[in-house]
Amino acid sequence: MVMKCRDYTLVLRASFMTKTVQYQNELHKFLIWDTAGQERFRALAPMYYRGSAAAIIVYDITKEETFSTLKNWVKELRQHGPPNIVVAIAGNKCDLIDVREVMERDAKDYADSIHAIFVETSAKNAININELFIEISRRIPSTDANPPSGGKGFKLRRQPSEPKRSCC
Ligand SMILES: Nc1nc2c(ncn2[C@@H]2O[C@H](COP(=O)(O)OP(=O)(O)OP(=O)(O)O)[C@@H](O)[C@H]2O)c(=O)[nH]1
């Protein structure tokens, strides 16, 4: 998406991707919008989270300020997001524990306090990525245990439950 504004052009880096995970006997396909996390793009966020079953908010365990920013996104989702949206918090770059600034315990406690899924991940080393999506699948099971044959998808609904995940 490109937004023109006066004499400059602002390119919004929102990319789309899919991920499929197996959960119990079902394949769950996620349609994912990776949006720009910067504050200046906040007004555009509803375009992406509206109608979404889940939101993954990612911070960088080596940068404390990203964890503070994350809390603003949680507030935004709580105030303006779909009422039953499943929120997952991912502390990325857990391969860099030597330069960690955000304690795992603190992040986990915060996630628990808002009933969010929590996991530390490494996109670089593919740690806990699948586990994160499986946990989201667990929270938003199918409303229809027996979808019609030939059907290409099914609706998801939220089911509150306690997350259980630890990092690398
Ligand atoms: N060590 C390490 N580096 C990572 C990991 N994930 C991303 N990076 C690096 O961090 C930098 C930023 O990665 P991006 O994928 O652009 O992160 P982003 O959250 O999309 O950042 P924005 O583009 O600002 O929204 C890149 O240099 C990546 O290679 C990780 O798990 N471990």
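Predicted model: local features only at pLDDT ≥ 70, side-chain atom pairs only at ≥ 80, totals over all residues.
1. Residues are numbered from 1 along each chain as its sequence is written, and side-chain values use heavy atoms, with hydrogens and water left out.

2. Now the overall layout. The protein chain has four helices and seven strands, and along the sequence they follow the pattern β-β-β-β-α-β-α-β-α-β-α. Helices (H or I, at least four residues) and strands (E, at least two) are DSSP runs, numbered from the N terminus. Of the 168 residues in the protein chain, 38% are buried. Take the contacts (heavy atoms within 4.5 Å) between residues at least 6 apart in sequence: 64% of them join residues at least 24 apart.

3. F16, W33 and Y48 form one aromatic cluster. Rings of Phe, Tyr and Trp (its six-membered ring) pair if their centres lie within 6.5 Å; planes under 30 degrees apart count as stacked, over 60 as edge-to-face and the rest as tilted. By this rule the model has five aromatic pairs. F16 and W33 make a tilted one, 5.3 Å centre to centre with 55° between the planes. F16 sits in strand β3 (residues 15-23) and W33 in strand β4 (residues 26-34), so this pair ties together parts that are 17 residues apart in sequence. F16 is partly exposed at 44% relative accessibility, and W33 is partly exposed too, at 46%.

4. The W33 and Y48 pair is also tilted, with 5.3 Å centre to centre and 55° between the planes. W33 belongs to strand β4 and Y48 to helix α1, so the pair links parts that are 15 residues apart in sequence.

5. Next, helix α2. This helix (residues 64-80) has 17 residues and reaches 25 Å from its first C-alpha to its last, close to the 24 Å expected at 1.5 Å a residue (the expected span is 1.5 Å times one less than the number of residues). Its buried residues are F67, L70, W73, V74, E76 and L77. Seen down the axis of α2, they fall within an arc of 160°, so they line one face of the helix; the arc is that of the directions from the helix axis to the C-beta atoms. Q79 and H80 are exposed on the face turned away from the buried side. Among the elements covering the buried residues of α2 are α1 (45-49), β5 (54-60), β6 (86-92) and α3 (104-113).

6. Finally, the sheet. Three strands form an open, parallel sheet in the order β5-β6-β7; two strands pair if DSSP finds at least two bridges between them. β5 and β7 (117-120) are at the edges with a single partner strand each, so one side of each has no neighbour in the sheet. β6 and β7 pair in the parallel sense over four bridges, and G91 has E120 in β7 as its bridge partner.

Notes
Buried < 20%, exposed > 50% of the residue type's maximum accessible area, 1.4 Å probe, protein only.
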